[in-house]
Amino acid sequence: MSGHEEQSGTTGGYEPKIMAFVCNWCTYAGADLAGTSRMEYRPNVRIIKLPCTGRIDPLFIIKAFENGADGVLVSGCHPGDCHYTTGNYHARRRWIGFKHLMEFTGIDMRRLHFSWVSASEAIKWVDLINNVTDEIKKLGPFMEYRGLKDAPPQAAE
Amino acid sequence: MKEKILRRSDIGRLIDSVGTKGGAFVAPALVARQVVFKAIKSADEVSFDYILARNSYKEFVFPQTEVVADFTFTGNKVDLRGREVEARDTVVFGARPCEATSLSALRAVFTWDFVDEFYTKREDTLVVMTVGCTKADEACFCTTVELSPESKSGSDIYLRETETGDYTVEALTDRGKAFVELHAGCFEEGDAKLKPLVRPEVIKGIDLGKIQSRLAQRENYADPVWGELTRKCIGCGACTYVCPTCHCFDITDEGTAFEAERRKNWDSCQYESFTLHASGHNPRDFQFKRWRNRFMCKFTYYPNKFSSKGCVGCGRCVRVCPVRLDITEAMEELSK
Amino acid sequence: MTDKDMEKTLREKARELLTSGEVKVVIGWGWNRARTKTTPIFITNPDETDRLIFNPLCVNNLSVYLTRKFKDIQALGRPAIVAKGCDIKNIVVLITEAQVKRQDVFIIGMVCEGMVYRQELWKGELTPEIMPTKCHNCDVRNPHVADFVIGGRSAFTPPEAPVGMVFEKIKALDGQAPSERWNFWINEFSRCIKCYACRQVCSLCFCERCITEKNMPQWIETSAHQRGNLSWNLTRAMHLVGRCTFCGECERACPVNIPLNLLNQKMIGVVKDAFDFRSGYDEKTHPPMIVFSPDDKENFIK
Amino acid sequence: MPRIGVFVCQCGNNIAATVDTKKVAEDMAKVPGVVYTCDYKFMCSSPGQEMLKQAIKEQRLDGIIVSACSPHMHEKTFRKASEAAGINPYRCEVTNIREQCSWVHHDQTKRVGTIKSNDLTRMTIERLKKNSPLTRIKIPVKKKALVIGGGIAGIQAALDIAEGGREVILVEKEPSIGGNMARLSETFPTMDCSQCILTPKMVEAELHENIKLYTYSEVEKVDGYIGNFTVQIRRKSKYVDEDRCTGCGECIEKCPFKTDSQFELGLTKRKVIYTPFPQSVPNVPVIDAPNCPKIQKDKCGACAIVCGPKCIDFKMEDKIVTEEFGAIVVATGYQLMPNERFDEYGYGRIKDVINGMQFERLASSSGPTGGEIRRPSDGKVPKSIVFIQCVGSRDEKKGVSYCSKVCCMYTAKHTMLYSHKVHGGQSYVFYMDIRSGGKRYEEFTRKAIEKDNAMYLRGRVSRVYEKDGKVMVQGADTLSGTQVEIEADMVVLATAIVSRDGADTLAQRLGIGYDKYKFYNEYHPKLKPVETVTAGIYLAGTCMGPMDIPESVAQGSAAASKVLALFSSDEMAREPITSVVNKVTCNACWDCVTACPYSAIERDTIKNRQGEVVRWVAKVNDGVCQGCGVCVAACRSKSIDLKGYTDEQVFAAINAF
């Protein structure tokens with residue numbers, strides 16, 4: 001048994017696993033609104049709700065990739081709209097650092113997405129999920145990361 | 001007298017021969033500007049110009065990380081399955097006499113009450129080809145711990161460099177003899193002019209007997225000299241990771257909510273968390289206590305318990321130390 | 001002033017400080033037994049100050065001994081620390097992050113014309129080839145924060161655009177495809193043996209309990225497999241963003257030669273570009289990762 | 001092993017149409033720690049809740065998962081039910097399989113929805129295993145309120161709180177309470193006189209035994225948290241002893257110096273010692289220090305000479321008073337957008353171009369003209385007036401994107417007042433849309449057009465200029481498609497309502513959010529319209545955005561009811577989602593202290609038995625912490641964690657991904 005069964009799409013074939021870390025007040029509510037508006041979007045994303053994007057530690061993202069995520073999405077309130085006034089500003093700073101670090105390490109940035117989605121932007125949420133899913137689907141499974149643990153250490157190979 | 005010779009030009013053939021019989025050939029090779037023991041595929045990779053490899057070859061019998069069991073969760077049951085180690089015949093070429101001595105120390109630890117097959121099965125299929133040293137550096141101190149470039153303990157085959165860059169071959173153990181037999185085509189008979197061995201000077205003022213007796217006295221345990229000797233130690237543990245006789249490990253579980261594996265990972269007594277109790281109490285709460293432990297491990301605990309050598313004088317810890325903490329300086333101090 | 005003159009002044013100053021009781025310990029460099037390599041020493045007795053030395057082999061950044069990890073050194077009393085400009089940068093960060101109070105340490109600043117990259121490279125003469133990238137771009141050869149400065153003023157001015165191997169390699173990596181960078185780093189990190197020497201030698205890794213040692217939950221796998229190595233090295237780099245001063249100790253201490261300077265310097269560049277911040281110069285400015293500006297660039301956020 | 005129960009809701013057909021809830025329940029039964037699962041039609045119904053409670057008792061459950069609608073809907077419901085059955089409410093988690101699953105994945109085979117529901121539920125189960133029981137935080141409440149702003153919204157809030165038996169301090173920056181409403185002539189749609197309805201309230205506030213007025217005062221500093229705010233208020237020097245002043249007005253009479261009256265918006269002058277308007281509350285004059293020769297140059301002093309009770313003190317200084325409050329109502333109101341920004345309308349250049357508020361003063365019987373409409377330039381009664389709507393409003397380029405909401409109505413009122421006061425006068429109104437939603441509002445504007453003959457022209461004005469003592473207005477009439485030019489005597493601009501200068505500074509002091517126009521953010525635009533994200537601070541009136549008097553009053557009352565509810569018990573309970581420091585591993589780098597948006601983290605010490613400080617550690621003030629978790633991500637050694645969203649919980653959820 002493994003988490004997040006593969007092929008969760010209707011068409012069969014490869015379906016990416018995408019993890020989303022979202023804030024409770026804006027993006028989570030925006031995603032709820034997409035639901036109350038009965039919109040349709042790709043089913044590949046699994047959301048973890050946090051109070052604020054400021055709570056998101058880069059470790060979450062690393063761990064998601066370690067656990068087989070093909071892509072990670074981080075989303076919260078637009079600047080200025082933070083429920084906690086400045087949490088998303090802190091998050092943005094951290095992301096600027098982390099994003100460059102990941103980029104320099106050679107993580108394909110098409111697998112790591114940052115976004116602002118407000119509680120009223122259900123359409124933006126839907127478009128975002130669809131675009132991110134399609135993009136990652138094209139890239140295929142993140143084998144580089146998934147394969148890391150079982151690769152033998154260099155000296156012993 | 002004719003001697004058995006391994007020509008440098010035949011090492012490639014030996015590697016192939018080991019390879020075709022399913023074995024692994026470990027030899028010093030240049031990786032990231034350092035000579036390290038590495039499983040290699042061709043003679044081109046072998047480095048011949050080195051004093052000691054940066055790492056000890058212990059990682060081929062005692063890997064830095066290995067899975068010892070797998071488990072899966074179903075319902076309220078945990079299905080735990082132990083792993084069997086499948087040891088591959090491995091030959092280590094280019095070990096030094098000092099470090100070859102370390103295997104008996106490791107074996108003693110891994111077999112004294114519980115026989116750790118993850119170790120023994122690997123060691124049982126290991127052939128150690130030692131090469132007598134023709135170079136040494138200021139960190140080498142094998143002679144100070146009563147070893148020398150001629151020491152043969154722990155080696156299955158003892159090699160000496162010749163003036164022409166070849167090796168004379170002396171099979172010491174049954175396993176060594178069988179190895180030479182098995183790959184007979186790679187060896188030949190002939191005359192050889194040996195390169196002289198280089199013996200590091202015995203460090204004056206170090207007396208192993210005195211160290212032993214001093215460590216045996218309880219009051220010396222609390223001697224402030226420990227604190228002074230090790231004040232600069234930053235507790236990085238690099239010394240323990242390169243040491244051929246250090247053997248401490250930790251068992252850890254890694255995995256997800258669905259499945260996991262149990263791993264055996266190297267650990268180091270130099271870490272603060274090594275002895276940290278769940279209560280928050282730490283019996284080795286200062287770095288000098290951790291360093292003292294390692295020293296006593298080398299010079300009292302293991303020699304007394306197993307009559308094995310705790311320190312083989314390879315000097316790796318001295319070379320790797322970022323703050324240049326030299327164990328021989330402590331040995332000297334404790335010989336007083 | 002020659003190294004010998006500087007040593008003389010240093011020993012006199014140290015003796016004076018210890019005799020007067022102004023400090024209880026002088027943290028500096030001394031020789032090993034063979035007088036071939038330098039090593040950190042701690043002088044508490046004014047009669048032993050002649051053991052203090054200064055020369056291009058004094059590579060260690062001694063500021064690590066000011067952190068709370070070294071309880072026994074703290075117990076000795078107020079320290080004086082012998083420090084090069086680059087070491088002082090770390091002390092400045094320690095002050096900013098409340099690990100040391102400025103008045104609680106006496107800084108003996110050493111004017112410095114460069115160090116060797118590794119002591120093993122020393123052949124009796126300091127040549128540009130054996131100096132690390134940081135020395136070629138050093139703007140603190142004259143110590144910028146000190147209670148007492150030793151040495152004649154250095155006339156060196158760093159080049160406008162940074163030079164050296166680290167910068168060249170970063171540029172080369174930046175120009176590569178992500179997959180090439182990935183392969184490069186995975187290969188480098190695969191050698192990691194999780195000894196954490198990089199952490200222990202770093203004065204800014206002052207956490208008394210490192211995140212790797214927290215096992216509930218264990219964010220960073222302790223195993224030295226490639227995945228665990230990657231998460232450790234990413235986290236280490238991330239925790240130093242905006243703080244690292246490029247002293248290079250981590251790379252020097254690494255027993256397996258992982259080019260950590262590349263990672264650190266890359267992030268120093270990012271911080272400089274994004275937040276116009278350089279670590280280690282001003283103890284009154286908060287490191288950039290814990291503050292923010294509403295105007296931070298966010299072109300990557302959709 | 002935990003004993004977890006998983007309840008999968010069908011939500012009628014809302015979930016069951018695309019999720020096989022039975023299968024989800026069956027699959028979840030295989031997850032370690034889960035001992036009971038079921039699916040049910042409506043978990044939130046009372047039989048559903050009963051079922052949950054019964055299962056808790058019968059199965060001895062210690063953790064509850066309800067896979068149903070969004071936790072924003074029913075998390076409280078299910079936590080309450082769990083608590084009623086004897087388990088800690090924070091050991092109950094809700095999985096969102098409706099809004100974020102069944103409603104957005106319409107696969108009728110139910111395959112997609114079922115797989116995703118399984119995954120989401122499993123992640124929640126793993127998270128739940130790490131949920132610690134939490135207790136709601138109890139905070140003592142200081143039963144005294146601060147109302148900032150003495151306009152109609154603030155007055156209403158203060159009066160309602162005072163009527164509820166609680167003490168209030170009403171802080172007003174001007175020398176008198178009353179705010180913008182005190183300036184208005186008549187009020188739409190009833191046309192009653194603003195002063196007539198406002199003044200009694202002002203007096204009531206002054207006389208109420210539970211209300212203390214701090215006029216000519218400003219909030220300097222706010223510390224603390226809900227129930228326990230400490231506020232420093234600067235009481236600016238009035239140079240007049242409030243307690244002894246009888247309000248006789250002799251001093252004003254005798255003062256020989258005059259300056260522009262802010263209250264009259266520059267339409268007339270006032271004395272240097274003054275009350276803003278005759279009905280000021282309190283009726284105590286203040287000295288305008290920068291313009292007073294006595295204070296500036298020690299010349300004059302006439303006022304002090306004539307003052308009977310001798311209550312004038314030229315040496316008086318500002319006083320900072322510190323008061324403690326349990327709650328704060330912010331009602332700081334609005335101002336008009338500076339008209340100078342609209343050069344094409346000639347404001348400032350052409351004397352007879354005024355704004356709506358100035359027109360209010362012209363129409364007011366207590367105004368500079370005694371209620372006669374006379375134009376500023378020469379005092380003539382204008383024969384025609386052009387009213388221009390949406391000056392700055394609904395104009396993203398030059399002004400603000402929002403609608404100022406009241407201008408349509410007051411312009412209609414202005415045309416009526418004008419036609420009543422100047423018989424035969426013609427008013428023209430350039431408008432974009434007429435927005436007259438509200439009780440009797442549409443009738444009101446219709447009346448202006450139909451009975452009072454206002455000529456409404458749909459279109460924008462392109463230029464206003466002076467010609468032979470007339471104000472020429474060029475504009476478009478988009479309905480007839482023609483360009484028009486009107487020769488008017490006066491032009492009135494309906495300028496946009498904007499937030500007050502310094503609104504952002506006050507918001508930062510209070511720790512409340514504001515939008516890009518510096519209007520304060522309510523907690524929820526629909527369901528929590530007067531709360532802010534900072535517990536214990538409430539909003540009323542136009543500091544939140546444009547609104548009319550009835551709305552402002554309603555909000556004042558609403559905020560007051562929130563305050564009274566808070567004050568109804570001695571302690572208040574809060575969600576225990578706060579950060580907590582691990583003192584053993586905290587390194588005292590204070591990064592959390594710097595990063596915390598609420599200043600909720602303090603520097604604390606650990607002392608040994610001798611009372612010596614052995615180490616410094618961070619400490620979270622539960623009362624102030626709002627649970628954002630910024631500190632947790634900032635802490636490198638992971639020595640701080642957020643209850644309810646701990647690292648362990650997040651880690652477990654990711655691990656079940």
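User: In this predicted model, what makes strand E7 (residues 167–171) of chain D largely enclosed by the rest of the structure?

Analyst: A residue counts as buried when its relative accessible area is under 20%. In E7(D), 4 of the 5 residues are buried, so the strand is largely enclosed by the rest of the structure.

User: Which strands pair with E7(D), and in what sense?

Analyst: Pairing requires at least two bridges between two strands. Strand E6 (residues 144–148) of chain D forms 5 bridges with E7(D), in the parallel sense. Strand E10 (residues 211–214) of chain D is joined to E7(D) by 4 bridges, and these two strands also run parallel. Val171(D) stands opposite Ile148(D) and opposite Tyr214(D) in E10(D).

User: Which helix belongs to the β-α-β unit of E6(D) and E7(D), and why is a unit of this kind called right-handed?

Analyst: The helix is H6 (residues 152–163) of chain D, and the unit is right-handed. The term applies because, with the strands pointing away from the viewer, the path from the first strand over the helix to the second runs clockwise.

User: Why are E2 and E4 of chain D said to stand at the edges of their sheet?

Analyst: The sheet is open and has 4 strands in the order E2-E1-E3-E4 (chain D), with parallel pairing. Strand E2 (34–40) and strand E4 (92–96) each have a single partner strand, so one side of each is left without a neighbour in the sheet. From one strand to the next, the twist averages 15°.

User: How do you know that E3 and E4 of chain D are paired, and which helices pack there?

Analyst: Strand E3 (residues 63–68) of chain D is joined to E4(D) by 5 bridges, where at least two are needed. Ile64(D) has Cys92(D) in E4(D) as its bridge partner. Helix H3 (residues 71–84) of chain D lies across E3 and E4, running at about 150° to E4(D). Helix H5 (residues 111–129) of chain D packs on the sheet and touches E1, E2, E3 and E4, its direction making about 160° with that of E4(D).

User: In chain C, why is H5(C) called roughly perpendicular to H10(C)?

Analyst: Helix H5 (residues 165–174) and helix H10 (residues 260–275) of chain C pack at an angle of about 80°, with their axes 9 Å apart. Angles of 65 to 115 degrees count as roughly perpendicular, and therefore H5(C) is roughly perpendicular to H10(C). Residues making the contact include Phe167(C) and Ile170(C) of H5(C) and Leu262(C) of H10(C). The contact residues divide into 5 nonpolar, 2 polar and 3 charged.

Note on methods
Residues numbered from 1 in each chain as written. Chains lettered and ligands numbered in written order. Predicted model: local features only at pLDDT ≥ 70, side-chain atom pairs only at ≥ 80, totals over all residues. Heavy atoms only, no water. Axes fitted to C-alpha atoms, helices over the stretch in contact; angles between N-to-C directions. Parallel < 35°, antiparallel > 145°, perpendicular 65-115°, else oblique. Contact = heavy atoms within 4.5 Å. Nonpolar A, V, L, I, M, F, W, Y, C, P; charged D, E, K, R; others polar. Buried < 20%, exposed > 50% of the residue type's maximum accessible area, 1.4 Å probe, protein only.
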